Amino acid sequence: MREEALILAIESSCDETAASVVRGGREVLSNVISSQIALHTLYGGVVPEIASRKHIEKINQVIEEALQEAGVSLQDLTAIAVTYGPGLVGALLVGVSAAKAISFATGIPLIGVHHIEGHISANYIENKELEPPFVCLVASGGHSHLVVVKDYGAYEIIGRTRDDAAGEAFDKVARAIGLGYPGGPKIDKLSKEGNPDAILFPRAKVAENEYDFSFSGLKSAVLNYLNGCQMRGESVCKADVAASFQKAVIDVLVEHSIHGVKAYGFDKFAIAGGVASNSSLRAAFKESCEAENIKFYYPSPVFCTDNAAMIGVAGYYEFIKGVRSGYDLNAVPNLRLGER
Ligand code: KG4
Ligand code: ZN
């Protein structure tokens with residue numbers, strides 16, 4: 001039964017309308033993602049109202065495609081998993097409503113899934129041998145968390161950002177140097193042409209908790225640098241700014257994470273979330289983990305950014321624990337990890 005469990009998963013917390021069918025917890029039969037990036041690029045960031053409307057237009061089509069690609073019908077499903085928080089409330093509501101409607105019409109059990117739990121669970125898809133406990137860095141557009149994954153569905157957050165998330169810093173700096181939205185992939189690409197040691201940007205430490213992050217000072221330092229250049233009439237090498245900024249983010253993420261893994265006595269470390277698809281960050285973690293004898297896990301880029309397969313995996317582990325949601329399941333925009 002467990003090996004055969006077929007989970008239909010839905011994700012609509014931000015600007016991707018996504019559906020996926022996952023078998024036996026870790027086998028992705030389909031992973032359909034309809035991205036709204038082109039639409040939001042016009043405005044330099046995600047416009048929540050537009051995101052919700054687009055989700056409504058796309059959701060049924062995306063679900064149908066996911067079922068078709070997987071070669072399964074609604075009657076074959078074991079459960080339906082859906083992201084119910086955190087995220088944009090209007091966007092979340094579209095996925096939650098669709099999942100509830102399907103569950104109500106078919107009688108298939110419904111499971112509400114935490115978006116960050118989904119990101120962490122993306123690591124299980126391609127690393128079949130990975131089992132908790134391990135430490136995971138979740139770095140996305142809305143979150144930067146260092147998490148001890150004690151067991152499936154059991155988490156302890158040991159570090160978090162005090163201000164901006166890592167992805168948010170990427171997006172803001174990209175906008176400041178005229179790269180547009182979303183900034184992460186663009187800075188990643190441009191950095192390859194720049195010198196990461198050209199400009200020394202600050203690496204913030206948070207006095208109260210050595211595992212916490214702070215990126216707003218770094219963002220301000222980049223803006224000050226750009227303003228200074230402009231006032232002095234100096235030209236800016238965007239590639240150097242991108243590479244130096246990116247290095248400052250990566251240095252902090254790597255240092256805090258490796259320190260956390262060692263201090264808590266683990267030998268397994270994983271990364272997750274949109275920023276985890278950054279090529280230099282992956283390379284830096286590979287190198288540091290190798291040097292420290294830590295086994296390093298990371299999802300393919302398509303499973304780092306928002307997708308429904310990761311929600312299907314997390315949903316499966318909730319399902320086998322016996323978690324079921326009622327038809328009163330609601331979108332919870334600020335849902336905390338580990339809460340139900
Ligand atoms: O996980 P995600 O798709 O959505 C959230 O849950 O927030 O993460 C999106 C974030 C954006 O801030 C985007 O700029 C960043 O991930 N991102 C990257 C890269 N690809 C996406 N940041 C750095 N390098 C990348 N290659
Ligand atoms: Zn996400």
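1. Between domain 1 and domain 2 of this predicted model, five residue pairs are in polar contact, counting pairs in which both residues have pLDDT 80 or more. Across that same interface of domain 1 and domain 2, by contrast, the rule finds zero salt bridges, so a reader looking for Lys or Arg side-chain nitrogens within 4 Å of a carboxyl oxygen of Asp or Glu will not find such a pair there.

2. On the side of domain 1 that touches domain 2, the elements that give two or more residues are α1 (37-41), α4 (115-121) and α12 (309-321). Of these, α4 gives the most, with four residues.

3. As for the domains themselves, the domain assignment of the protein gives domain 1 as 6-122 + 307-320, in two segments, and domain 2 as 132-298. The contact takes 15 residues from domain 1 and 15 residues from domain 2, while the centres of the two domains, taken over C-alpha atoms, are separated by 27 Å.

4. The size of an interface is often given as the accessible area lost when the parts come together. Here domain 1 and domain 2 bury about 1,200 Å² between them, with 71% of that area on carbon and sulfur atoms. Within domain 1, the residues that lose the most area to domain 2 are Ile116, His119 and Ile120, which together account for 43% of what that side buries.

5. The bond from glycine 85 to proline 86 is cis, with omega near -10°, and proline 86 is found in the loop between β4 (79-85) and α3 (89-106). The bond from proline 132 to proline 133 is also cis, with omega near 5°, and proline 133 is found in the loop between α5 (123-126) and β6 (134-139).

6. A further backbone point concerns asparagine 293, a residue other than glycine whose phi is positive, near 60°. Asparagine 293 is found in the loop between α10 (279-292) and β10 (295-297). Is this asparagine 293 buried or exposed? With a relative accessible area of 69%, asparagine 293 counts as exposed, because the cut-off for that class is over 50%.

Methods: Residues numbered from 1 in each chain as written. Chains lettered and ligands numbered in written order. Predicted model: local features only at pLDDT ≥ 70, side-chain atom pairs only at ≥ 80, totals over all residues. Heavy atoms only, no water. Domains from an automatic or database assignment. Contact = heavy atoms within 4.5 Å. Buried area = accessible area lost by both parts, 1.4 Å probe. Polar contact = N/O pair within 3.5 Å; in protein donor to acceptor, adjacent residues only side chain to side chain. Buried < 20%, exposed > 50% of the residue type's maximum accessible area, 1.4 Å probe, protein only.
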